[in-house]
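Please read the points below with the model open beside them. They take up a set of charged side chains and then a helix pairing.

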Amino acid sequence: EEVVYAPIQLALQAAQAGNYRLAVRYQYLHLLQTMASKKLIELLPQRTNQHYLRAITNTDCKKAFATVLLQYEYVWFGNLNINEAQYRSIEAGYRNFTTKWLNG
């Protein structure tokens, strides 16, 4: 039987293994899934991160997402190896964004 993990579970596993860069990626994918479930964006394979940013109509939400997005892109596409403290700071940003913009 195949086990399918949600991105948040994979983020926790990656962080526990010390692979903070991969954990950031999974946190971001989880955030996108949550945004789509709240109808803030529409997840489509051909969409880029900039498409998702432009899809957000609330200016304050867009600014907050832009910050989270920038951190993700620096870590993932910039191949930055981050330490646990840096990861925890980024993770807190994801939680804050989720609390403010996705739990309402």
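1. In this predicted model, the side chains of Glu91 and Arg95 meet in a salt bridge, with a nitrogen-to-oxygen separation of 3.6 Å. Both residues belong to helix α5, where they stand four residues apart, about one turn of the helix. Arg95 has a relative accessibility of 47% and therefore counts as partly exposed, since the buried class requires a value under 20% and the exposed class a value over 50%.

2. Glu91 also forms a salt bridge with Arg88, and here the N to O distance is 3.0 Å. This pair again lies in helix α5, with the two residues three apart, about one turn of the helix. Glu91 itself is buried, its relative accessible area being 12%, whereas Arg88 is partly exposed at 35%.

3. Arg88 has a further salt bridge with Glu84, for which the closest N and O atoms are 3.7 Å apart. Because Arg88 and Glu84 are four residues apart in helix α5, about one helical turn separates them. Glu84 is partly exposed, with a relative accessibility of 42%.

4. How many salt bridges does a search of the whole structure find? The search finds three, and the bridges from Glu91 to Arg95, from Glu91 to Arg88 and from Arg88 to Glu84 are described above. Through shared partners, salt bridges join Glu84, Arg88, Glu91 and Arg95 into one network.

5. The pairing of helix α5 with helix α2 deserves a separate look. Two packed helices are described by the angle between their axes and the distance between the axes. For α2, which spans residues 20–37, and α5, which spans residues 84–101, the axes come within 10 Å and cross at roughly 5 degrees. That angle makes α2 roughly parallel to α5, because angles under 35 degrees are placed in that class.

6. Which residues of α2 and α5 meet? On the α2 side they are Tyr20, Ala23, Val24, Gln27, Tyr28, Leu31 and Met35, while on the α5 side they are Glu84, Tyr87, Ile90, Glu91, Tyr94, Phe97 and Thr98. Sorted by class, this contact of α2 with α5 has ten nonpolar, two polar and two charged residues.

7. The two descriptions should be read together at Glu84 and Glu91. These residues are among those of α5 that meet α2, and they also take part in the salt-bridge network with Arg88 and Arg95. Of this pair, Glu91 is buried, whereas Glu84 is partly exposed.

Terms used. Residues are numbered from 1 along each chain as its sequence is written. This is a predicted model: local features need pLDDT of at least 70, side-chain atom pairs count only at pLDDT 80 or more; totals for chains, interfaces and linings use all residues. Side-chain values use heavy atoms; hydrogens and water are left out. Axes are lines fitted to C-alpha atoms, for helices over the stretch in contact, and angles run from 0 to 180 degrees between N-to-C directions. Angles under 35 degrees count as roughly parallel, over 145 as roughly antiparallel, 65 to 115 as roughly perpendicular and the rest as oblique. Contact means heavy atoms within 4.5 Å. Ala, Val, Leu, Ile, Met, Phe, Trp, Tyr, Cys and Pro count as nonpolar, Asp, Glu, Lys and Arg as charged, and the others, Gly among them, as polar. A salt bridge is a side-chain nitrogen of Lys or Arg within 4 Å of a carboxyl oxygen of Asp or Glu. Buried means under 20% relative accessible area, exposed over 50%, partly exposed in between (1.4 Å probe, protein chains only).
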